[in-house]
Amino acid sequence: MIHDIEQIRSLKKYIEVHKDEKATYDQLLNSWIRESGACIQDADTVDYYLALILMIERSISKRDRY
């Protein structure tokens, strides 16, 4: 699996903007894919991005505490 750093940055920015919305990880991922036009085709990549959302949210939460 090859990771596109620009897509990851785009996802991070999307989550930062929408962090206060009540949405599940799959809803966040689907909305980001629709808005960004990202092409994610295999299940492993979907799983990776879903796990990445959790990591991004944790880092935002830690940052916001300080």
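Analyst: Buried means under 20% relative accessible area, exposed means over 50%, and partly exposed is in between, with a 1.4 Å probe and protein chains only. Keep in mind that this is a predicted model: local features need pLDDT of at least 70, side-chain atom pairs count only at pLDDT 80 or more, and totals for chains, interfaces and linings use all residues. Residues are numbered from 1 along each chain as its sequence is written, and side-chain values use heavy atoms, with hydrogens and water left out.

User: OK, so is Leu 50 buried, exposed or partly exposed?

Analyst: Leu 50 is partly exposed, at 24% relative accessible area. Its place is in helix H3.

User: And what does Leu 50 touch?

Analyst: Not counting residues up to four places away in sequence, Leu 50 touches Tyr 25, Asp 26 and Leu 29. Contact here means heavy atoms within 4.5 Å.

User: Let's zoom out. How many helices and strands are there?

Analyst: The protein has 3 helices and 0 strands, running α-α-α from the N terminus on. Those come from DSSP runs numbered from the N terminus: H or I of at least four residues for helices, E of at least two for strands.

User: How does the radius of gyration compare with the globule rule?

Analyst: The radius of gyration is 12 Å, close to the 11 Å that the globule rule gives for 66 residues, so the protein is as compact as a globular protein of that length. The radius is taken over C-alpha atoms, and the rule is 2.2 Å times the number of residues to the power 0.38. Along its principal axes, the C-alpha trace spans about 35 × 20 × 20 Å.

User: What share of the contacts is between residues 24 or more positions apart?

Analyst: Counting contacts with a separation of 6 or more, 66% are between residues 24 or more positions apart.

User: Now the core. Which residues have the most contacts inside it?

Analyst: Leu 11, Trp 32 and Tyr 49, in a largest nonpolar core of 14 residues. H1, H2 and H3 each supply at least two of its residues, and H3 gives the most, with 5. A nonpolar core is a set of buried Ala, Val, Leu, Ile, Met, Phe, Trp, Tyr and Cys residues joined through side-chain atoms within 4.5 Å.

User: What's Trp 32 in contact with?

Analyst: Leaving out neighbours within four places in sequence, Trp 32 contacts Gln 7, Ser 10, Leu 11, Tyr 14, Gly 37, Ala 38, Ile 40 and Tyr 49. Leu 11 and Tyr 49 also turn up in that list of core residues with the most contacts.

User: Switching to His 18: where is it?

Analyst: His 18 is in the loop between helix H1 (5-17) and helix H2 (25-36). It is buried, with a relative accessible area of 15%. Beyond neighbours within four places in sequence, His 18 is in contact with Leu 28 and Glu 35.

User: And Ser 31, buried or exposed?

Analyst: Buried, because its relative accessibility is 18%. Ser 31 is in helix H2.

User: Last one: how about Ala 51?

Analyst: Ala 51 is partly exposed, with a relative accessible area of 40%, and lies in helix H3 (residues 43-65). From Ala 51 to Lys 13 is 16 Å, C-alpha to C-alpha, with the two 38 residues apart in sequence.
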